[in-house]
Amino acid sequence: MNFKGRDLLTLRDFTPEEIGRLLDKAAEVKKDPAAYRKALDGKTLAMIFEKPSLRTRVTFETGMTQLHGHAIYISPADAGLGKRESVPDVARNLERWVNGIMARVFAHQVVEDLAAHAGVPVINGLSDDFHPVQALADFQTIREAAGRYEGVKLAYVGDGNNVTHSLLLAASRTGVSISVATPPGYEPRKDIVSEAVKTGRRTGCTVDVSNDLARAVRGAHFVYTDVWASMGQESEAQQRKAIFAPFQVNAKLMAMAGTDPWFLHCLPAHRGEEVTDEVADSPKSLIFQQAENRLHAQKAVMVLLMGD
């Protein structure tokens, strides 16, 4: 498997075998970080942010430092993508200075355009359509908790958003069965669901999308949720609170699984909305393990894509 120089824009970019290798590398990096302390010696990552983030900035910057490289934070004012300067021109400038680009943006087309015009790897740190690095950390966490992928069921409850899309793609590539429940009209994109179903036939997992909470969580080993209104959807927040209220992950919903499931959340959490404190702080909550694994999974991605 050859990863060097490739982009990570969505998990569609990689086969099930390649996703398996990425996750194996993440486990190796976490187990023996000293073995990778010079893996990106002298290399630089440009980090473009249109959206703020605690986890994305700290884990990518810390990861580059631990790999003996350097990360440069580029604020919205610095880049001005499509405003101060066109996206292709930004890409053509950066490729002459750095060894990789990470971008956390609104429109997914921005990372596509960066990748099309930059001769260095581009990593999607989040876009409105996908969050691949989060899903890699999530599935690293799932294997650590369950000890396997085979026979595992993940239930996602809430908005069919960028996280949902990446979870569907990751589940179908690892063989984890996934069941998604959303309010009517908030389902994930049909093309992504169809692709997950097709890939899942090969890896032996099932993919189910419905508006039925009980159906989604029944038999689940993991229950996952996300905020009801993402960045850029602030004007919809109040309306969404009323629509999504029945989908709150609380003790009653967790009990519906019948399996004493683990709880997952990509953070930040709006406690009292999509999840209660009782669930978020329970012994079965893995939310901070997920956050830690952002560091290890992203280091693995950078080593494979940017390493010699």
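Reply: First, the rule for counting. A salt bridge here is a side-chain nitrogen of Lys or Arg within 4 Å of a carboxyl oxygen of Asp or Glu. Bear in mind that this is a predicted model.

Me: How many salt bridges does that rule give?

Reply: The count is 24 salt bridges.

Me: Why would such side chains pair at all?

Reply: Opposite charges can pair when the charged atoms come close.

Me: Give me an example. What does K25 pair with?

Reply: K25 bridges to E28, with 3.5 Å from N to O.

Me: Where do K25 and E28 sit?

Reply: Both are in helix α1, which covers residues 16-31. They are three residues apart, about one turn of the helix.

Me: Is K25 buried or exposed?

Reply: K25 is buried, because its relative accessible area is 10% and the cut-off for buried is under 20%. E28 is partly exposed, at 32%.

Me: Next, R240. Which residue does it meet?

Reply: R240 meets E236 in a salt bridge, 2.8 Å from N to O. R240 is buried, at 5% relative accessible area. E236 is partly exposed, at 29%.

Me: What's the N to O distance for R189 and D191?

Reply: The R189 and D191 side chains form a salt bridge at 2.9 Å, N to O. R189 is partly exposed, with 29% relative accessible area. D191 also counts as partly exposed, at 37%.

Me: Switching to cysteines. How many disulfides are there?

Reply: Zero disulfides in this structure.

Me: What about C205, buried or exposed?

Reply: C205 is buried, since its relative accessibility is 9%. C266 is buried too, at 7%.

Me: Last topic, pockets. How much space is in the second largest pocket?

Reply: About 190 Å³.

Me: Which residues are closest to its centre?

Reply: D128, D159, N161, N162 and Q233 are the closest to the centre of the second largest pocket, out of 17 residues that line it.

Me: And what classes make up the lining of the second largest pocket?

Reply: The lining has seven charged, seven polar and three nonpolar residues.

Key: Residues numbered from 1 in each chain as written. Predicted model: local features only at pLDDT ≥ 70, side-chain atom pairs only at ≥ 80, totals over all residues. Heavy atoms only, no water. Disulfide = S-S within 2.5 Å. Buried < 20%, exposed > 50% of the residue type's maximum accessible area, 1.4 Å probe, protein only. Helix = DSSP H or I, 4+ residues; strand = E, 2+ residues; numbered from the N terminus. 1 Å grid on protein atoms, 1.4 Å probe; cavity = no way out; pocket = protein on both sides within 12 Å on 5 of 7 lines; lining within 4 Å. Points joined across faces, edges and corners; volume = space filled by probe spheres on them. Nonpolar A, V, L, I, M, F, W, Y, C, P; charged D, E, K, R; others polar.
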